[in-house]
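Visitor: I would like to learn how to read side-chain contacts and strands in a protein model. Please show me the structure first.

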Amino acid sequence: QVQLVESGGGLVQAGGSLRLSCAASESIFSNYNMGWFRQAPGKEREFVTRINRNGGNTLYADSVKGRFAISRDNAKNMIYLQMNSLKPEDTAVYYCAATGRVSTFSSYYSRPEAYDYWGQGTQVTVSS
């Protein structure tokens with residue numbers, strides 16, 4: 001069982017930056033593909049980004065490409081989401097997710113159903 005705890009959310013002005021962190025309890029964290037999703041009020045949960053097990057492959061939603069960066073530190077069982085040039089439309093609850101499943105199709109990891117474990121979420125609010 002993997003437990004995930006997000007932190008780092010908050011209120012920021014448009015154009016600002018935040019760094020989200022996700023701590024994983026599992027000692028074999030390096031065996032999991034990791035992702036970040038977000039959900040705004042009244043909207044479905046949407047894919048933000050994912051990173052593969054060794055950190056060598058990433059995938060981003062078009063809406064955040066060039067502004068957000070995902071990284072991981074397997075020695076610390078942590079993943080991070082650096083968010084720059086934030087926009088009001090980035091306002092949402094951000095969730096960290098983990099999956100032990102493997103697919104040759106990178107787009108597979110953009111689906112919430114691909115992930116087995118989820119954190120409780122952290123609120124990010126971007127004011128205009």
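Visitor: Is Tyr95 buried or exposed?

Guide: Buried means under 20% relative accessible area, exposed over 50%, and partly exposed in between, with a 1.4 Å probe and protein chains only. Tyr95 has 13% relative accessibility, so Tyr95 counts as buried. Trp118, with a relative accessible area of 27%, is partly exposed. This is a predicted model, where local features need pLDDT of at least 70 and side-chain atom pairs count only at pLDDT 80 or more, while totals for chains, interfaces and linings use all residues. Residues are numbered from 1 along each chain as its sequence is written, and side-chain values use heavy atoms, leaving out hydrogens and water.

Visitor: How many aromatic pairs are there?

Guide: Rings of Phe, Tyr and Trp (its six-membered ring) pair if their centres lie within 6.5 Å; planes under 30 degrees apart are stacked, over 60 edge-to-face, and the rest tilted. The count here is seven aromatic pairs. One of them joins Tyr95 and Trp118, edge-to-face, with 6.5 Å centre to centre and 80° between the planes. Tyr95 lies in strand E9 (residues 92-99) and Trp118 in strand E10 (residues 117-118), 23 residues apart, and the pair links distant parts of the chain. Strands (E, at least two residues) are DSSP runs, numbered from the N terminus. Phe37, Phe47, Tyr95, Tyr115 and Trp118 make up one aromatic cluster.

Visitor: Which side chains meet Arg38 in a salt bridge?

Guide: A salt bridge is a side-chain nitrogen of Lys or Arg within 4 Å of a carboxyl oxygen of Asp or Glu. Arg38 meets Glu46 at 2.6 Å, N to O, and Asp90 at 2.9 Å. Asp90 is in the loop between E8 and E9, and Arg38 is in strand E4 (residues 33-39), 52 residues apart. Arg38 counts as buried because its relative accessibility is 5%, whereas Glu46, at 34%, is partly exposed. Asp90 is buried too.

Visitor: What about Asp62 and Lys65?

Guide: Asp62 and Lys65 form a salt bridge, with the closest N and O atoms 3.1 Å apart. Asp62 is exposed at 66% relative accessibility, and Lys65 is exposed at 52%. Elsewhere, salt bridges that share partners join Arg38, Glu46, Arg67 and Asp90 into one network.

Visitor: What is the order of the strands in the open sheet?

Guide: Two strands pair if DSSP finds at least two bridges between them. The open sheet has four strands in the order E1-E3-E8-E7, with antiparallel pairing. Strand E1 (4-7) and strand E7 (68-73) are the edge strands, each pairing on one side only. E7 pairs with strand E8 (residues 78-83) over six bridges.
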